[in-house]
Amino acid sequence: MSVADTEKPISPLVENWHYFTHSRGALVGLIVFMFMVVVALISPWIAPHDPAVQYRDAFLVPPVWEDGGQWKFILGTDSVGRDLLSRIMVGARYSLLIGLVVVAMSLTSGIVVGLIAGFVGGRTDTIIMRIMDILLAFPSLLLALVLVAILGPSLFNAMIAIAVTNLPHFSRLTRGEVMGQKGLDYVTATRVAGASRLRLMFRTILPNCLAPLIVQGTLAFSNAILDAAALGFLGMGAQPPTPEWGTMLADAREYITSAWWVVTMPGLAILVTVIAINLIGDGLRDALDPKLKRS
Amino acid sequence: MTAPLLQVDELRVTFDIRPPGAWPWTPSLKLQAVGGVSLQLAPGEALGIVGESGSGKSTLARAIIGTIPSTGGRVIFDGRDLTTMDPATRRRHRRDVQMIFQDPLAALNPRMNVGDIIAEPLLTHEPGLGRKAARRQAAELMERVGLLPNLINRYPHEFSGGQCQRIGIARALILRPRLLICDEPVSALDVSIRAQVVNLLKDLQREFGVAMIFIAHDLSVVRHVSDRILVMYLGKMMEVAPARALIATPRHPYTKALIAAVPIPDPLREKARPRPVLEGELPSPLNPPSGCVFRTRCPIARPSCAEGPPAVLNPGPGHFVACPWIDEA
């Protein structure tokens, strides 16, 4: 048998991509999300104005399609004359960064904590999971508020706070998966083959637990954006004049009745991003769950 | 007789069971899965272990290999006591004892391709070997167990049960172990595949000169593979004898019932022969009968059977029976 006969491996990645693209919603979500990412990356060059510059002659200018709108400010301006479109474009950077950092922090720490709890079991498991239960017992936004109050209000501290409130979800999920996988024969087989505990945990068990974690990760991404917006709205997240979407909402709340666009535009940006990411999450869940796979 | 490769002395495995709704201070129930089993295995010998479900066969195997902690007794492999070894030393000795599992698909990591699965034990023990060389050895072994080596990049779910079991066999043999423990290796397989896998195991055992413990609940499979057969019931040894002697002249009433349960592939003879069918169910191992554990279902039980563990008789060479009444029944 020559090497040339050896079949090309169908990697699970290619296979999952195939199933992922089966779902229209997921594909649309992915396209919208990629668009957001591109806009965020090149926003300093394509934004029509500097997001912090205040045009003193153009307070609360409505969008172009309204009476009194100007092509100079396509989505209008806010109460101090800053261009909304530019602020939303640059704000995408902050929102996506928040999602990324929060998911990275809570996913890695949640996996480590959950893996240890599930694999070691016994008293270690009980202690870790009771701590997680205590974290879960607080309303998540309240807990984040308390943490930010302790750490001091800033965007990065808000991210840490949101990551901490997300931690129990990831560790519970990991623990459950690990406990399910731990008893299976392939783990015993690897142990019999002489693998160390670390290798068993991270190389053998973890890859088989990843599917639900990836899905939870995408959903947490959109939740993190919402939580950061909520913290920003309460003045505990990004500080003005940072064009973070939640902070923009907070600044605009006095004008909800008089100048609707100031509050609607950043709100729409949050809505579209969150829906896109949730669609991706649903698509991933369908693609990664073997039970939902059609041959 | 040469020095035994494996010697198991009075091995006990007890599980703590938390009764449902227990308070933290309620004492846990003790489930004795293996209640003091002793056995010896010479190099290259094949020992079959039979017994119905729940008799402790798998637990015994897993206690020998060390994935379930034993609560008493000793496991001496090649002159060293495995039960008192520290975990690091133990891990280095893992390569001498390998295992084949009952569910062939569940025993293979679904995220790894076949080549990596077979090569993994080799890479764990000889990290300097390199993935390429290890995979080359894996491919050779695939050919030996009857798999096309060009399937090396496939994933386990693309194979049938019998093929998966061949992969499991290749993985167990790649380290050239001296003892192979097969935990019901053919029970999950289709009847038509069983004979192939059993014959493959038998051939490989001769070729590699590996000692084997072959566990099954089906006597007809075990007697093809084994030199000696050990019969277990509720965690205790009932009878052990050379395979031929055990099948031809079973002495223990439980062994007799087991052999009678094997159907004869001839309807006329099958109908004509007497069938001593065991009555009742396997007693709960949480509350085993006193004395001889088999006495509640035994056709020749006497009141004195409840008093203490049965005496072990030696009716023939290498033949031991845990029943004092075999000559009177």
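A: A crossing of two helices is called left-handed if the near helix is turned anticlockwise from the far one by less than a right angle, and right-handed if clockwise. In this predicted model, the crossing of helix 3 of chain B and helix 4 of chain B is right-handed. Helix 3 of chain B covers residues 114-125 and helix 4 of chain B covers residues 131-144. The two pack at an angle of about 120 degrees, and their axes are 8 Å apart.

On the side of helix 3 of chain B, the contact is made by Gly115(B), Ile118(B), Ala119(B), Leu122(B) and Leu123(B). Helix 4 of chain B brings Arg131(B), Ala134(B), Arg135(B), Gln137(B), Ala138(B), Ala139(B), Leu141(B) and Met142(B) to the contact. Sorted by class, the residues of this contact comprise nine nonpolar, two polar and two charged.

Helix 3 of chain B also has a part in the meeting of the chains. There, 27 residues of chain B are in contact with 20 residues of chain A. Strand 6 (97-100) and helix 3 of chain B each supply at least two residues of the side of chain B that touches chain A. Helix 3 of chain B gives the most to that side, with four residues. By class, the side of chain B that touches chain A consists of twelve nonpolar, eight polar and seven charged residues.

Of its 295 residues, 41% count as buried, and the C-alpha trace of chain A spans about 75 × 55 × 30 Å along its principal axes.

Technical notes:
Residues are numbered from 1 along each chain as its sequence is written. Chains are lettered from A and ligands numbered from 1 in the order in which they are written. This is a predicted model: local features need pLDDT of at least 70, side-chain atom pairs count only at pLDDT 80 or more; totals for chains, interfaces and linings use all residues. Axes are lines fitted to C-alpha atoms, for helices over the stretch in contact, and angles run from 0 to 180 degrees between N-to-C directions. Two residues are in contact if their C-beta atoms, placed from the backbone, lie within 7 Å. Ala, Val, Leu, Ile, Met, Phe, Trp, Tyr, Cys and Pro count as nonpolar, Asp, Glu, Lys and Arg as charged, and the others, Gly among them, as polar. A residue is buried if 20 or more other C-beta atoms lie within 10 Å of its own, exposed if 12 or fewer, and partly exposed in between; C-beta atoms are placed from the backbone.
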